[in-house]
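Welcome! Let's take a friendly tour of a protein model, one topic after another. Have the sequence and the 3D view ready as you read.

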Protein chains: 2
Amino acid sequence: MTRLHIDSAFDDDLERIRDLMLGMGGRVEEAITLGARALEERDEDLAQQVVEGDHAIDALEEEIDQHVVRLLALRQPQAGDLRAVIAVMKMAADIERLGDYAKNMAKRVPVLSSAPQIEGAGAAIRRQARQVGQMLKDMLDAFARLDTALAEDVIHRDIEVDHMTNALFREFITHMMEDPRNISACLHYTFIAKNVERMGDLVTGGAEQVIFLATGERFGDRPKGESTATIDVQPD
Amino acid sequence: MTRLHIDSAFDDDLERIRDLMLGMGGRVEEAITLGARALEERDEDLAQQVVEGDHAIDALEEEIDQHVVRLLALRQPQAGDLRAVIAVMKMAADIERLGDYAKNMAKRVPVLSSAPQIEGAGAAIRRQARQVGQMLKDMLDAFARLDTALAEDVIHRDIEVDHMTNALFREFITHMMEDPRNISACLHYTFIAKNVERMGDLVTGGAEQVIFLATGERFGDRPKGESTATIDVQPD
């Protein structure tokens with residue numbers, strides 16, 4: 001496995017932080033998968049499990065921050081090493097937010113489970129979430145190996161998530177217009193889809209950090225397909 | 001004005017970072033005010049100004065990060081000073097996100113300006129945004145003076161934002177149910193209200209960082225009134 005640096009106490013510390021982050025990322029990946037499954041299958045117990053599991057994710061971020069502070073104090077890294085440590089801390093904060101979005105999805109399961117069924121909504125969200133979960137997995141692999149090609153691939157795939165999100169918005173609007181009794185549930189699904197789209201953005205940000213860590217350079221303007229601000233479905 | 005530390009090169013650096021952050025916070029405060037005004041008054045030029053102004057906010061965060069890296073490298077602060085620097089960097093990241101939410105609100109102005117009017121929606125969002133803008137202003141004052149009483153006051157006021165948000169959600173759902181032609185516009189307003197509510201959460205997080213900076217202790221569990229996950233308005 002590629003290391004971020006030549007052997008030193010600094011590297012051992014950074015490796016420990018990296019391992020914590022990969023563990024944290026794995027938990028978030030699972031939370032996304034299980035949250036989306038709980039939503040589709042209307043499984044309130046599973047949803048509750050995802051909600052409760054978020055504490056462990058928060059605790060891991062806290063632990064990473066403590067390690068970062070200790071590393072900065074003890075090793076006093078310079079230049080590139082210092083930027084690497086800060087990049088890792090920012091990635092950890094983003095992954096923690098991913099966990100929050102997964103928890104938020106799970107928290108909506110009980111109310112959606114007792115609302116009228118929206119045909120295909122759960123399955124569509126699950127596909128969207130699967131895409132983001134796979135991007136997260138690949139971003140973490142790219143981080144572990146400092147694989148810039150994989151990181152770039154993740155960045156380019158975000159546009160698919162944006163397209164899926166816009167398609168979902170149109171679908172939910174149609175359901176709402178067809179029957180006002182669908183409005184409340186569709187609003188929840190719309191929030192969930194928006195959050196999954198934001199998760200894709202956060203994962204993309206993580207992939208950009210990986211490229212920065214590996215090359216010291218910022219990734220150029222990334223593709224943008226998302227456009228909630230201009231949903232083109234207009235009422236009749 | 002209270003300083004974070006006894007005179008030293010470290011303090012001068014930190015003071016510079018603090019000033020940058022206060023400047024950045026002031027710009028975000030303005031973006032919130034102008035974004036909400038543009039929304040209510042359907043002023044697309046003003047909205048465009050807010051969207052373009054976000055670059056300067058992003059650039060300020062970048063500048064703060066560079067100062068932080070330089071401070072860490074040159075001054076190698078320990079213990080409390082180190083934690084203070086990291087807390088400030090995290091606050092800057094949160095304030096940058098507030099700016100993103102203000103920009104997102106402004107980006108929705110053109111589409112909402114050509115959509116059917118939703119009675120009172122713009123004015124209600126503006127009241128909600130004014131509340132959050134005032135919280136941000138007070139949080140920044142609390143940060144400048146390390147005023148924990150003011151920071152706590154900000155934290156407690158977030159529950160009002162949550163209540164306003166839930167009231168707005170109910171209102172928008174009612175409009176959607178009354179007339180399907182309102183659905184698209186109301187969805188935009190719902191996203192905006194949700195984002196303003198998130199801004200309140202971020203400001204609250206900033207106020208918690210102020211308390212941490214001033215006392216070295218974490219603020220206890222903060223009040224939570226927000227509950228999109230359990231919107232209680234059900235379709236008939």
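This is a predicted model: local features need pLDDT of at least 70, side-chain atom pairs count only at pLDDT 80 or more; totals for chains, interfaces and linings use all residues.

Residues are numbered from 1 along each chain as its sequence is written, chains are lettered from A and ligands numbered from 1 in the order in which they are written, and side-chain values use heavy atoms, with hydrogens and water left out.

**Around A:Met199**

- Is A:Met199 buried or exposed? A:Met199 is buried, with a relative accessible area of 1%; buried means under 20%, exposed means over 50%, and partly exposed lies in between (1.4 Å probe, protein chains only).
- Leaving aside neighbours within four places in sequence, A:Met199 is in contact with A:Ile32, A:Leu98, A:Tyr101, A:Ala102 and A:Val132, where contact means heavy atoms within 4.5 Å.
- A:Ile32 and A:Met199 are 167 residues apart along the chain, and their C-alpha atoms are separated by 9.7 Å.

**How the two chains are related**

**Where the chains meet**

- Chain B gives 42 residues to the contact, and chain A gives 42 residues.
- Because 100% of the interface residues of chain B are also interface residues in chain A, the copies meet through the same surface.
- About 3800 Å² is buried between chain B and chain A, and carbon and sulfur atoms give 65% of this area; buried area is the accessible area (1.4 Å probe) that two parts lose on being put together, summed over both.
- How many salt bridges does the rule find across the interface of chain B and chain A? The rule finds four, a salt bridge being a side-chain nitrogen of Lys or Arg within 4 Å of a carboxyl oxygen of Asp or Glu.
- One salt bridge joins B:Glu61 to A:Lys90, with the closest N and O atoms 3.6 Å apart.
- On the side of chain B that touches chain A, the elements that give two or more residues are helix 2 (44–75), helix 3 (79–107), helix 6 (148–178) and helix 7 (183–215) of chain B.
- Helix 7 of chain B provides the largest share of that side, nine residues.
- The residues on that side of chain B divide into 20 nonpolar, nine polar and 13 charged; Ala, Val, Leu, Ile, Met, Phe, Trp, Tyr, Cys and Pro count as nonpolar, Asp, Glu, Lys and Arg as charged, and the others, Gly among them, as polar.

**Salt bridges within a chain**

- Over all chains, the count by this rule comes to 32 salt bridges.
- A:Asp138 forms a salt bridge with A:Arg157, with the closest N and O atoms 2.9 Å apart.
- This pair links distant parts of the chain, with A:Asp138 in helix 5 (residues 121–145) and A:Arg157 in helix 6 (residues 148–178) of chain A, 19 residues apart.
- A:Asp138 is buried at 11% relative accessible area, and A:Arg157 is buried at 13%.
- In chain B, the side chains of B:Arg157 and B:Asp153 meet in a salt bridge (2.7 Å, N to O).
- B:Arg157 and B:Asp153 both lie in helix 6 of chain B, four residues apart, about one turn of the helix.
- B:Arg157 is buried at 15% relative accessible area, whereas B:Asp153 counts as partly exposed at 35%.
- A network of salt bridges links A:Glu15, A:Arg18 and A:Asp19.

**Backbone angles to look for**

- Most residues other than glycine have a negative phi.
- B:Arg42 is not a glycine, yet has a positive phi of about 50°.
- B:Arg42 sits in the loop between helix 1 (9–41) and helix 2 of chain B, and is partly exposed at 26% relative accessible area.
- B:Leu146 also has a positive phi, near 45°, and lies in the loop between helix 5 (121–145) and helix 6 of chain B.
- B:Leu146 counts as buried, at 18% relative accessibility.
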